[in-house]
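Subject: Structure handover

Hello,

Here is the structure I said I would pass on. My notes on it follow below.

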Amino acid sequence: MKKILIIFIVLSVSTCSLYSQNKTIKGRVTDDNLEILPYVSIVINDTVEVGKTDINGFFQIDMPISEKKMLFRYVGLEPTTIELVDKCDELEVIMMLNSTYDFMTLKKVDRLRMKRFKKLPELHKEAFEKGIFKTDKACYTQEFIPYYKKKQK
């Protein structure tokens, strides 16, 4: 009877570990000049900080499987929101510098920012060729968030 009880406990514990509720994600963060970014905050749910990058820009975090969006924040850079795809566990993120645009309309600022945003996949490939990143393209989606929003009529 003891053997059956022990086998039952071992089997139930091992199956529970198979269905863990967290996943481990690791990666690296750079800016659009391909400079390493230390101590970048990594946030989920807009408020919960799950980790920071180390001095070489690398990170390894555990986050819930149900979470698909992550936010990277750093002083002097635009906050970067990414959405994970299902098989993505190695992230390589490029953050854009936050520039000051004096005496310009928000529409023009958004056009200039969009121009820089569209160069990010090309920069990712360049970082791969230089040996900074391990993959030649990102395994996540990133959406451009404009400053100017048209008024609804």
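How many aromatic pairs does a search of the whole structure find? The search finds two aromatic pairs, where rings of Phe, Tyr and Trp (its six-membered ring) pair if their centres lie within 6.5 Å.

Before the details: this is a predicted model, in which local features need pLDDT of at least 70, side-chain atom pairs count only at pLDDT 80 or more, and totals for chains, interfaces and linings use all residues. Residues are numbered from 1 along each chain as its sequence is written, and side-chain values use heavy atoms, with hydrogens and water left out.

Aromatic pair
The ring centres of Phe117 and Phe144 are 5.5 Å apart and the planes stand at 55°, so this pair is tilted (under 30 degrees counts as stacked, over 60 as edge-to-face, the rest as tilted). The pair links distant parts of the chain, 27 residues apart: Phe117 is in helix 2 and Phe144 in the segment after strand 8. Helices (H or I, at least four residues) and strands (E, at least two) are DSSP runs, numbered from the N terminus. Phe117 and Phe144 are both buried, meaning under 20% relative accessible area with a 1.4 Å probe, protein chains only.

Five strands form an open sheet in the order 3-2-5-6-8, with antiparallel pairing; two strands pair if DSSP finds at least two bridges between them. Its edge strands, strand 3 (48-52) and strand 8 (140-142), each pair on one side only. Strand 2 (residues 41-44) is joined to strand 3 by four bridges, and Ile42 has Gly51 in strand 3 as its bridge partner.

Pockets
A pocket is an open set of points on a 1 Å grid over the protein atoms alone, where a 1.4 Å probe fits, with protein on both sides within 12 Å along at least five of seven lines; lining residues have an atom within 4 Å of a point. A volume is the space filled by probe spheres set on the points, which are joined across faces, edges and corners.

The largest pocket holds about 230 Å³ of space. It is lined by 13 residues, and Glu78, Pro79, Thr80, Arg113 and Ile145 are the closest to its centre. Strand 6 (80-84) and helix 2 (106-117) each supply at least two residues of this lining.

The second largest pocket has a volume of about 180 Å³. Its lining includes Phe117, His124 and Tyr140. Helix 3 gives the largest share of that lining, three residues.

Regards

Note on methods: Buried means under 20% relative accessible area, exposed over 50%, partly exposed in between (1.4 Å probe, protein chains only).
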